[in-house]
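Open the model in your viewer and colour it by secondary structure. We will go stop by stop, selecting a few residues at a time.

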Amino acid sequence: MTRRPRTRYLVGIDRPRRNGYRCAKLVSMPIATAEKITALSHDLGSQRHLAELLGVSPAQVTRWRRGGGIDLANAERVDLLELVLASLLRLYPAEAAEQWLQGLNPYLGDRRPIDLVRAGRAQELLGAIAVERSGGYA
């Protein structure tokens, strides 16, 4: 079974008019894994550091950035890391966001968030980020 790539949604202006007004429309726009890898490498400082966080070899990250195939499990890890990092960068500067990813988190049972990224535990991570956003404690 082939999975469709994850999509981002952008609001665009629809050309046809309804009742004389332009209508906003959600447009599906898939983001290639290579673009995600490039953006994450930039945000984290290097491809090598991204590889360390994902628990893969730097050669794999280079292959993915060049458009080489990526297995489903790693594609989901990249998607989750992108989501988590984007959420954290809205709250903290880059250095603090990275420390949050690698530090022990009481809300997560004193586990490191990056370990949950590797395990694909999105719900727990998003809950921990919501607690951070609200200023709450475990």
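Contacts across the sequence come up at once. Of the contacts in the chain with a separation of 6 or more, 43% are between residues 24 or more positions apart. Keep in mind that this is a predicted model.

**Stop 1: the whole chain**

Show the cartoon. The chain has seven helices and two strands. Follow the sequence and the pattern reads β-β-α-α-α-α-α-α-α. The accessible surface comes to about 8,900 Å². Carbon and sulfur atoms hold 52% of that surface. Of the 138 residues, 30% count as buried.

**Stop 2: the core**

Hide the surface. Select Leu 50, Leu 81 and Val 84. These residues have the most contacts inside the largest nonpolar core, which has 26 residues. Which elements give two or more residues to this core? They are α1 (33-44), α2 (47-54), α3 (58-65), α4, α5, α6 and α7. The largest share, six residues, comes from α4.

Stay on Leu 81 and show its surroundings. Which residues does Leu 81 contact, leaving aside its neighbours within four places in sequence? The list is Leu 40, Leu 44, Leu 50, Leu 54, Leu 101, Ile 114 and Val 117.

**Stop 3: Asn 74 in helix α4**

Select residues 72-91. This is helix α4, and Asn 74 lies in it. Is Asn 74 buried or exposed? Asn 74 has a relative accessible area of 8%. The cut-off for buried is under 20%, so Asn 74 counts as buried. Now show what surrounds Asn 74. Not counting residues up to four places away in sequence, Asn 74 touches Val 56, Gln 60 and Trp 64.

**Stop 4**

Select residues 94-102, which form α5. Show the side chains of Ala 97, Trp 100 and Leu 101. These three are buried. Turn the view to look down the axis of α5. The buried residues fall within an arc of 100°, so they line one face of the helix. What do the buried residues of α5 pack against? Their partners are α4, α6 and α7.

**Stop 5**

Move on to Asp 110. You will find Asp 110 in the loop between α5 and α6. Check its backbone angles. Asp 110 has a positive phi of about 60°, although it is not a glycine.

**Stop 6**

Side chains of opposite charge can pair when their charged atoms come close. How many salt bridges does the structure hold? There are six.

Start with Asp 115. Its side chain meets that of Arg 112 in a salt bridge, at 2.9 Å from N to O. Asp 115 also forms a salt bridge with Arg 118, where the closest N and O atoms are 3.6 Å apart. Asp 115 and Arg 118 both lie in helix α6, three residues apart, about one turn of the helix. An α-helix has 3.6 residues a turn, so residues three or four places apart point the same way.

Compare the accessibility of these residues. Asp 115 is partly exposed at 32% relative accessible area. Arg 112 is partly exposed too, at 27%. Arg 118 is partly exposed at 28%.

Now select Arg 121 and Glu 124. They form a salt bridge, with the closest N and O atoms 2.4 Å apart. Arg 121 is partly exposed, with a relative accessible area of 38%. Glu 124 is partly exposed at 22%.

For a group of three, select Lys 36, Asp 79 and Glu 82. They are linked in a network of salt bridges.

**Stop 7: helix α7 and its end**

Select residues 122-134. This is helix α7, with 13 residues. From its first C-alpha to its last, α7 reaches 18 Å, close to the 18 Å expected at 1.5 Å a residue. Which residues of α7 are buried? They are Leu 125, Gly 127, Ala 128, Ile 129 and Val 131. These buried residues pack against α4, α5 and α6 (113-119).

Gly 135 takes a positive phi of about 80°.

Methods
Residues are numbered from 1 along each chain as its sequence is written. This is a predicted model: local features need pLDDT of at least 70, side-chain atom pairs count only at pLDDT 80 or more; totals for chains, interfaces and linings use all residues. Side-chain values use heavy atoms; hydrogens and water are left out. Helices (H or I, at least four residues) and strands (E, at least two) are DSSP runs, numbered from the N terminus. Buried means under 20% relative accessible area, exposed over 50%, partly exposed in between (1.4 Å probe, protein chains only). Contact means heavy atoms within 4.5 Å. The expected span of a helix is 1.5 Å times one less than its number of residues. A salt bridge is a side-chain nitrogen of Lys or Arg within 4 Å of a carboxyl oxygen of Asp or Glu. Accessible areas come from the Shrake-Rupley method with a 1.4 Å probe; for residues, only the protein chains shown count as cover. A nonpolar core is a set of buried Ala, Val, Leu, Ile, Met, Phe, Trp, Tyr and Cys residues joined through side-chain atoms within 4.5 Å. The arc is that of the directions from the helix axis to the C-beta atoms.
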